[in-house]
Amino acid sequence: MPFSRTSGIDRRLFLSSVLGAAAGVAGLSGCADNSAAADTKNALSAPLAAKVPAGTSLKIASYLGAQQLQLKLGKLGALPFKVSSWANIGAGPDVINAFRAGSLDVGNNAGIPPIQAHFQGYDAKIVAINITRKPNYLFATKPGSDIRTVADFKGKKLAFSQGQAQGVVLLRALKKAGLSYDEVKLVPLTSNQFLTALQSGQVDVAPLANSQAPSYLKQYEAKGARSITTDVVDLLNLLWAPASVLGDPAKAAAVAAYIPFWAKSQVWTYENPDVWNEEFYVKTQNLTLPQAQAVTALANKPLFPPSWDEAIKWEQETADLLAEGGFVKKFDVGQLFDHRFEGIAAKSVPAEYRR
């Protein structure tokens with residue numbers, strides 16, 4: 001069933017709330033010096049430096065401190081540049097805002113935030129990709145709900161974050177179930193509001209990360225909350241950076257040097273679940289060991305593709321799905337990828353982790 005261009009939310013109000021700040025940014029960018037834009041474009045096509053210049057630094061996202069802990073526990077060695085800050089930033093909208101503010105140089109997100117950034121007129125590029133083959137999210141219901149399947153979402157209030165992975169998982173699940181937008185009520189929220197919205201009954205359903213669900217269900221399952229699994233996959237786990245950062249030869253070299261550390265840290269985490277369960281989930285996230293083990297049992301094997309063809313195809317399908325619903329304008333997602341970095345991650349890991 002094709003998606004309707006209307007839905008259970010006021011589309012104009014929704015888009016204006018998402019794009020209010022972006023409109024101002026777009027207006028300012030229209031007045032920017034054209035020569036500076038040309039310089040950045042030229043720099044983005046220049047070959048990457050073989051060595052990171054001395055004194056180079058990056059501000060890198062490390063949500064909940066996971067990245068630093070992975071590097072430390074994995075004993076992966078010293079980075080060949082200075083990290084001026086490890087930012088506890090994970091949600092796509094927050095990463096985009098941090099990029100704009102100049103407080104972040106490299107983010108780690110799913111495929112949808114780069115699409116959202118482009119729609120808002122902000123230029124950022126994907127530099128590394130980890131393919132996800134198993135679902136990272138499930139749907140959780142509010143306490144006392146009678147919802148059992150995605151088909152039961154019809155007529156219900158669904159937490160929806162347009163600029164985050166949870167949003168595209170929901171849209172793809174609705175499409176697979178044959179539900180159009182006007183058959184549900186999409187409630188615009190960011191993912192950090194989902195738990196509160198469920199607890200208060202503001203929404204009937206919200207997509208939660210596998211790592212979030214155990215603690216929510218522990219608290220509310222006795223009150224009638226439940227989980228609904230989905231086989232919808234959010235294919236991309238990626239690194240991305242502002243074009244202004246990648247247009248700086250020194251910083252671009254540092255980003256290229258960081259990618260192998262990032263890829264190897266994903267492999268180390270996957271290969272050492274017992275250590276990760278104890279050191280991260282139990283000690284820093286306050287999960288019980290059984291809860292931590294349940295989360296890591298669902299973990300994806302890291303897969304770093306030498307070619308980005310599949311990733312680009314999936315990203316285009318996602319952008320088209322959003323455009324079909326009137327959330328973004330249709331565009332060619334090829335411009336979101338900086339191919340100078342293609343294959344760097346794959347070359348840094350054993351063959352079994354290449355795809």
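Guide: For sorting residues into classes, Ala, Val, Leu, Ile, Met, Phe, Trp, Tyr, Cys and Pro count as nonpolar, Asp, Glu, Lys and Arg count as charged, and the others, Gly among them, count as polar. On that basis the lining of the largest pocket in this predicted model has 25 nonpolar, 23 polar and 2 charged residues. The volume of this largest pocket is about 1800 Å³, and among the 50 residues that line the pocket, Tyr63, Tyr137, Ala209, Ser211 and Tyr281 are the closest to its centre. The part to follow is helix α11, which supplies the largest share of that lining, 4 residues.

Helix α11 covers residues 273-282, and its packing can be taken up one partner at a time. Two packed helices are described by the angle between their axes and the distance between the axes. With helix α10, residues 249-271, the angle is about 95° and the axes are 5 Å apart. Angles of 65 to 115 degrees count as roughly perpendicular, and α10 and α11 are therefore roughly perpendicular to each other. On the α10 side the contact is made by Trp268, Thr269, Tyr270 and Glu271, and on the α11 side by Pro273, Val275 and Trp276. Sorted by class, this contact of α10 with α11 has 5 nonpolar, 1 polar and 1 charged residues.

The next partner is helix α3, residues 66-73, whose axis lies 11 Å from that of α11 at a packing angle of about 135°. The two helices, α3 and α11, are therefore oblique to each other, and their crossing is right-handed. Here Val275, Trp276, Glu279 and Phe280 of α11 meet Ala66, Leu69, Gln70 and Leu73 of α3, in a contact of α3 with α11 that has 6 nonpolar, 1 polar and 1 charged residues.

The remaining partner to describe is helix α12, residues 289-297, whose axis comes within 9 Å of the α11 axis, the two crossing at roughly 120°. Helices α11 and α12 are therefore oblique to each other, and this crossing, too, is right-handed. From α11, the residues Pro273, Asn277, Glu278, Tyr281 and Val282 meet Leu289, Ala292, Gln293, Val295 and Thr296 of α12, and by class the contact of α11 with α12 has 6 nonpolar, 3 polar and 1 charged residues.

By class, the residues lining the largest cavity divide into 10 nonpolar, 1 polar and no charged.

Definitions and conventions: Residues numbered from 1 in each chain as written. Predicted model: local features only at pLDDT ≥ 70, side-chain atom pairs only at ≥ 80, totals over all residues. Heavy atoms only, no water. Axes fitted to C-alpha atoms, helices over the stretch in contact; angles between N-to-C directions. Parallel < 35°, antiparallel > 145°, perpendicular 65-115°, else oblique. Left-handed = near helix turned anticlockwise from the far one by under 90°. Contact = heavy atoms within 4.5 Å. 1 Å grid on protein atoms, 1.4 Å probe; cavity = no way out; pocket = protein on both sides within 12 Å on 5 of 7 lines; lining within 4 Å. Points joined across faces, edges and corners; volume = space filled by probe spheres on them.
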